[in-house]
Amino acid sequence: MAEGNGEIPIEEVSGKDSDVGRTPDYRKLIDYGLDPKVAAKLDDIYKTGKLAHAELDERALDALKEFPSDGALSVLGQFLDSNLEHVSNKSAYLCGVMKTYRQKSRAGVQGAPALASTVQVKGPDEEKIKQILARTGYTLDVTTGQRKYGGPPPGWEGGTPGAGCEVFCGKIPKDMYEDELIPLFERCGTIWDLRLMMDPMTGTNRGYAFVTFTTREATQRAVQELNDYEIRKGKKIGVTVSFNNHRLFVGNIPKNRDRDDLFEEFTRHAPGLVEVIIYSSPDDKKKNRGFCFLEYESHKAASLAKRRLGTGRIKVWGCDIIVDWADPQEEPDEQTMSKVKVLYARNLTQEITEDALKEEFERYGTVERVKKIKDYAFVHFEDRDCAVKAMQELDGKEMGGARLEVSLAKPPSDKKKKEEILRARERRMMQMIHGRGGFDWCSCSPVLRGRTPQPQPRPPQARGDYGWVMWDGRSMGAARGGGAGVRGWGPWWCAPRRAWPPHAQRHAWQSPRQAKFTR
């Protein structure tokens, strides 16, 4: 009817009126499917110059389109009130604000819909930060989760600083920012980057930061000078060396798989795998020891792999694997290693004796003694230069049908600290196993929670007298004070007596320690 008498449809009138005073990008937002109110609010932000339409990607626009209009308006209000001066990726920052809004809404925070009107926390001294950036030439990149200063420094040539160049700084006051932290850490050496971790829920920092220096010496100086440093009256910070772990420990892998098989298998589950480290069995060099280490290109890649592999749903050739962070290796400083005269040689076969090793290594200098332990050995030289020459010549050489791996031996670590690391790993492993309802190492099959494990045939070469066992816990409850449903996994001499192996049952009148060694 409108078409016949020349009248303009009502929809066209409202559409035309709504474009009055709007930028050309407003119509693009409407065409994309955004709510008119949300599009109008976003167009108002465009007019302020804090954001341009070209800076928003499809991910941010799609997220705004899916948001309820009231929630989207609150999010855009908070975004407008934010200090975006050092935000390089504004689209990602807007997505972070939306994520925080959802978290607050789920947590039932009072006044979540009125997020834009929340009280603003005290921010950094922008004038001091500008002076620091002008003086150093560094950049400052701000996201909802962290504030990153530097990385790399201007004019830097070379790669990223290696292990031992980063410190963790804890107990930072929540209202402290780069304007106070950077001058403090600059005293110790050249900063590669400083990452202050932020809490998007409150807008304050999380109380800790990571500082990477260009040298290890600067890192050690920061620990010595700034640990327990009183940064404000009554406020002391803690500074310690941070090890950016790139390596995972994976247990319960099939022993008949080699490095190439494992690399191909684990690459399918997560990207960024660089190397697979396995240790050959002393009895059979064609078999591994049932575990391996996965080296990734970055901590982020390793963390992603740990999350994917550690779900309990992924099987490797039918086996349930155990995944954990590899214990961090503290690298000795260069001054300490420059005095080492002992070589570490591994991947030795049983046929290689201490005398054969001494004869081979003595071609490069006087060897004081050789100590072989299973498939590795320590070779003590009288002179360091001879040790270095032997390492360079023999590393990778075939000996006894195996390829030698020779390196400088690291000085012994603190025994107490090593024991603490081992105990911590054991606790984590037990938590994983009990979290999955137990585990049967012999059959590579999970033991379901709440079910009594079925007896499994003993595998070849297994020594049941020294093995670990599982029990359903009915007698465990009476023996250890636990409930009737308690189940356990561990050395047999820690289990209830009815779970002991046959030889120990025959000597049940003895203590577990005595029965362990009785034949």
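Analyst: Welcome! Helix axes here are lines fitted to C-alpha atoms over the stretch in contact, and angles run from 0 to 180 degrees between N-to-C directions. Please keep in mind that this is a predicted model.

User: Thanks! At what angle do the axes of α5 and α7 cross, and is α5 roughly parallel to α7 or oblique?

Analyst: Helix α5 covers residues 58–66, and its axis comes within 9 Å of that of α7, with a crossing of roughly 30°. Angles under 35 degrees count as roughly parallel. Therefore α5 and α7, crossing at roughly 30°, are classed as roughly parallel.

User: Is the crossing of α5 and α7 left-handed or right-handed, and which residues of α7 make the contact?

Analyst: The crossing of α5 and α7 is left-handed. On the α5 side the contact is made by R59, A60, A63 and L64. Their partners in α7 are S91, L94, C95, M98 and R102.

User: Let's turn to α15. Within what arc do its buried residues fall, seen down the axis?

Analyst: Helix α15 runs over residues 384–394, and its buried residues are A387, V388, A390, M391 and L394. They line one face of the helix, because seen down the axis of α15 they fall within an arc of 160°.

User: What lies on the other side of α15, and which elements are among those that cover its buried residues?

Analyst: D385 and Q392 are exposed on the other side of α15. The cover over its buried residues includes β14 (342–346), α14 (354–361), β16 (376–381) and β19 (405–408).

User: Which residue caps the N-terminal end of α15, and what phi does G396 take?

Analyst: The cap of α15 at its N-terminal end is D383, with a side-chain oxygen 3.1 Å from the backbone nitrogen of D385. Just after α15, G396 takes a positive phi, with a value of about 90°.

User: Within what arc do the buried residues of α12 fall?

Analyst: In helix α12, residues 299–309, the buried residues are A301, A302, A305 and L309. Seen down the axis of α12, they line one face of the helix, because they fall within an arc of 100°.

User: Which exposed residues sit on the face of α12 turned away from its buried side, and what is included in the cover of its buried residues?

Analyst: K300 and R307 are the exposed residues on the face of α12 turned away from its buried side. The buried residues of α12 are covered by elements including β8, α11 (259–267), β10 and β13 (322–325).

User: Is E295 buried or exposed?

Analyst: E295 belongs to strand β10, residues 288–296. Leaving aside neighbours within four places in sequence, E295 is in contact with H246, R247, G272, L273, V274 and E275. Buried means under 20% relative accessible area. With a value of 18%, E295 is therefore buried.

User: How far apart in space are H246 and H299?

Analyst: H246 lies in the loop between β7 (235–242) and β8 (247–251), and is partly exposed at 24% relative accessible area. Beyond neighbours within four places, its contacts include E295 and H299. H246 and H299 are 53 residues apart in sequence, yet their C-alpha to C-alpha distance is 4.7 Å.

User: What is phi for W317 and for D228?

Analyst: Most residues other than glycine have a negative phi. W317, in the loop between β11 (315–316) and β12 (319–320), instead has a positive phi of about 50°. D228, in the loop between α10 (216–226) and β6 (229–232), also has a positive phi, near 65°.

User: How much of the whole chain counts as buried?

Analyst: The chain has 19 helices and 23 strands. Across its 519 residues, the share that counts as buried is 41%.

Key:
Residues numbered from 1 in each chain as written. Predicted model: local features only at pLDDT ≥ 70, side-chain atom pairs only at ≥ 80, totals over all residues. Heavy atoms only, no water. Buried < 20%, exposed > 50% of the residue type's maximum accessible area, 1.4 Å probe, protein only. Helix = DSSP H or I, 4+ residues; strand = E, 2+ residues; numbered from the N terminus. Arc of directions from axis to C-beta. Contact = heavy atoms within 4.5 Å. Polar contact = N/O pair within 3.5 Å; in protein donor to acceptor, adjacent residues only side chain to side chain. Parallel < 35°, antiparallel > 145°, perpendicular 65-115°, else oblique. Left-handed = near helix turned anticlockwise from the far one by under 90°.
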